[in-house]
Amino acid sequence: MQTNLFARHASVAVLAAMLGACASAPPAGPSPVSFSVPYSTPSFGAGPQPVSGDLQLHAGREQEAVGWAIVDALQRMQLSLIEPQLRAADTLPAGKPWKTDVASLDADAVLEHNRRFPAIPLPADRIYGIQYSGEYAVLEHELRFRLESTLYQRGAGSAFRAYDGREYSGVFFFERARDRIAQSLKQAGRPPEP
């Protein structure tokens, strides 16, 4: 990938510091956030034992697993990819930006946002939707992700439009997608059942 975001020399500590800074000062509006996930292959480790605690992915099939995990996570959040357009058998490719449609947020998500971030609550007089965009890279024993969320609003009889600029926690919506992707990655890394 050609962006500085995925440069091979970026350290995990720097990414963790970025996440920590975002958590203490929630950004208003869409803001891309990066995270990484270490992984190993079954043949990597001491003797026959895999590296403990790492995500296990089959060598040569990392992109297939990660692409599936992202699509699975998005579908579990009722989102569909609109860019790139993929056929059912296609894998979401590494290094290619992707974007979802807008899906309505349930009332529980809005209540949870307001509970965690009472200084910047979302008003209760509208319906909210979320859209994600991102990109991923498969590096040697590390998966890197860039993720951005955009909040939308609408009335009962209107179409979604971008949230009107008041502050909200971008971190909250980032964490929801990151955690879903992490769950799907764990499933993708499980060995096939006999």
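Buried here means under 20% relative accessible area, exposed over 50% and partly exposed in between, using a 1.4 Å probe and protein chains only. The views below show a predicted model, in which local features need pLDDT of at least 70 and side-chain atom pairs count only at pLDDT 80 or more, while totals for chains, interfaces and linings use all residues. Residues are numbered from 1 along each chain as its sequence is written, and side-chain values use heavy atoms, with hydrogens and water left out.

**View 1. An aromatic cluster takes in Tyr-163 and Tyr-168.** Both Tyr-163 and Tyr-168 are buried. They belong to one aromatic cluster together with Tyr-128, Phe-172 and Phe-173. The structure holds seven aromatic pairs. Rings of Phe, Tyr and Trp (its six-membered ring) pair if their centres lie within 6.5 Å, with planes under 30 degrees apart counted as stacked, over 60 as edge-to-face and the rest as tilted. Tyr-163 and Tyr-168 have ring centres 5.6 Å apart and planes at 85°, so this pair is edge-to-face.

**View 2. The largest nonpolar core has 39 residues.** Such a core is a set of buried Ala, Val, Leu, Ile, Met, Phe, Trp, Tyr and Cys residues joined through side-chain atoms within 4.5 Å. Look for Ile-70, Tyr-132, Leu-143, Phe-145, Leu-151, Phe-173 and Leu-185, which touch the most other members. Two or more residues come from each of strand E1 (33-40), helix H2 (62-76), helix H3 (107-116), strand E6 (127-139), strand E7 (142-154) and helix H4 (170-188). These elements are DSSP runs numbered from the N terminus, helices (H or I) having at least four residues and strands (E) at least two. Zooming in on Leu-143, and leaving aside neighbours within four places in sequence, its contacts include Phe-35, Val-37, Tyr-39, Val-66 and Leu-185. Contact means heavy atoms within 4.5 Å.

**View 3. The largest pocket has a volume of about 300 Å³.** On a 1 Å grid over the protein atoms alone, a pocket is an open set of points with protein on both sides within 12 Å along at least five of seven lines, where a 1.4 Å probe fits, and lining residues have an atom within 4 Å of a point. Grid points are joined across faces, edges and corners, and the volume is the space filled by probe spheres set on them. Of the 18 lining residues, Val-71, Gln-75, Leu-81, Leu-86 and Asp-90 lie nearest the centre. H2 gives the most to this lining, with seven residues. The lining divides into nine nonpolar, five polar and four charged residues. Here Ala, Val, Leu, Ile, Met, Phe, Trp, Tyr, Cys and Pro count as nonpolar, Asp, Glu, Lys and Arg as charged, and the others, Gly among them, as polar.

**View 4. The second largest pocket has a volume of about 230 Å³.** Its lining holds 13 residues, and Met-77, Leu-105, Asp-106, Arg-176 and Arg-180 are the closest to the centre. H4 gives the most to this lining, with five residues. The residues divide into five nonpolar, two polar and six charged.

View 5. Most residues other than glycine have a negative phi, and most peptide bonds are trans. The bond from Glu-83 to Pro-84 is cis, with omega near -15°, and Pro-84 sits in the loop between strand E3 (81-83) and strand E4 (98-100). Gln-78, in the loop between H2 and E3, has a positive phi of about 65° and is exposed, with a relative accessible area of 63%. His-141, in the loop between E6 and E7, has a positive phi of about 65° and is partly exposed, with a relative accessible area of 25%.
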